[in-house]
Amino acid sequence: MEFSAAVLEKFPGICVVEGDITSVSITAENLGLEALKVDVARTIGSQYTLEKVKDDPVFRAYRDFFWSVGIDPTKTRPASEALVRRLLSGGKLPKINTAVDAYNLASALSGVPIAAFDADKLEGSLTMRFAAEGETFRGIGMKETIALKSNQVILTDSKKIIAIYPYRDSDDTKVTMDTKNIHIVSCGVPRIDKNKVLEAYGLCARYLKEYAGGSPSDPAPYP
C-alpha cells in the first residue's frame, strides 16, 4: 500500500497490515464458528464493562482518530468498539456469512478494525490518501452515495474509493457468499502499536482459514 505524504505527516504512527486469503469457500454459517462467538462474548464480558469501554486505551486511540477526521465516535463507533458494545449490551454478533463473521470476531477480540474486500474486484495496488472535497462514496448498507470532505482518510485502488479509513468499506467490493479471494487490511492509527495491528491480522487470517477454508498469505506491514 502507498501512503500519501500528507497522511503520514498528519498522522505519524498510522499503519496497516495487508494480506490475502485465497480460495475461500464461504457458507451461511458454521457450527464451530457459532460456538466460538459464545466463547468470544464470554471473554469480552470479562475484559470490559459497558460504562468504561470508551476509556480503554485502544478504543480511545480510534475514537481520537475519528474526531480528527470529522466523524463523531459517540454517534458512529469504531467498528471494533461497536462489536464489543453490542456484546456487552447483551446482543449477539451479526450473522452475515462465515467470512464476515470470522473477521468480525477477530476485530472484536483484538480491538483493531479490520477492512475486507473481494480481492477479485480490486484493480491495481492500494493507496491511502485524503479525499478530495466532493468525491463520492457508497459504503456497505448505504442506499445513496455520500459526498466526502477533504479531511477524511480514504483507501483507493487504481480506479475507485474502496473505504473510508477505518470506518466503512465500499459496497462495490464487499465480501459475499460468491467471494473466492479476500484482501484484508488490519487498520492501525496513531498510538496503536504496529505489533497489535499485526496480531489482529494473524488472528483474522487464522479464523478465515479455519471457518472459510482460505489460504492466508504472509502479512505485509506498511509503512
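The model is predicted: local features need pLDDT of at least 70 and side-chain atom pairs count only at pLDDT 80 or more, whereas totals for chains, interfaces and linings use all residues. Residues are numbered from 1 along each chain as its sequence is written, and side-chain values use heavy atoms, with hydrogens and water left out.

Helices (H or I, at least four residues) and strands (E, at least two) are DSSP runs numbered from the N terminus. At the N-terminal end, helix 2 is capped by Asn-30, of which a side-chain oxygen lies 2.8 Å from the backbone nitrogen of Gly-32.

The structure holds 19 salt bridges, each defined as a side-chain nitrogen of Lys or Arg within 4 Å of a carboxyl oxygen of Asp or Glu. Within helix 2, Lys-37 and Glu-34 are three residues apart, about one turn of the helix, and form a salt bridge whose closest N and O atoms are 3.1 Å apart. Lys-37 is buried, with a relative accessible area of 8%. Glu-34 also meets Lys-95 in a salt bridge (4.0 Å, N to O). Because Glu-34 lies in helix 2 and Lys-95 in the loop between helix 4 and helix 5, this pair ties together parts that are 61 residues apart in sequence. Lys-95 is partly exposed, at 48% relative accessible area. A network of salt bridges links Glu-29, Glu-34, Lys-37, Lys-95 and Asp-101.

A further salt bridge joins the side chains of Glu-81 and Arg-63 (3.0 Å, N to O). Glu-81 lies in helix 4 and Arg-63 in helix 3 (residues 57-68), so the pair ties together parts that are 18 residues apart in sequence. Glu-81 counts as buried at 0% relative accessibility, and Arg-63 is buried with a relative accessible area of 4%.

Notes
A polar contact is a pair of N or O atoms within 3.5 Å; within protein, one must be able to donate a hydrogen and the other to accept it, and residues adjacent in sequence count only if both atoms are side-chain atoms. Buried means under 20% relative accessible area, exposed over 50%, partly exposed in between (1.4 Å probe, protein chains only).
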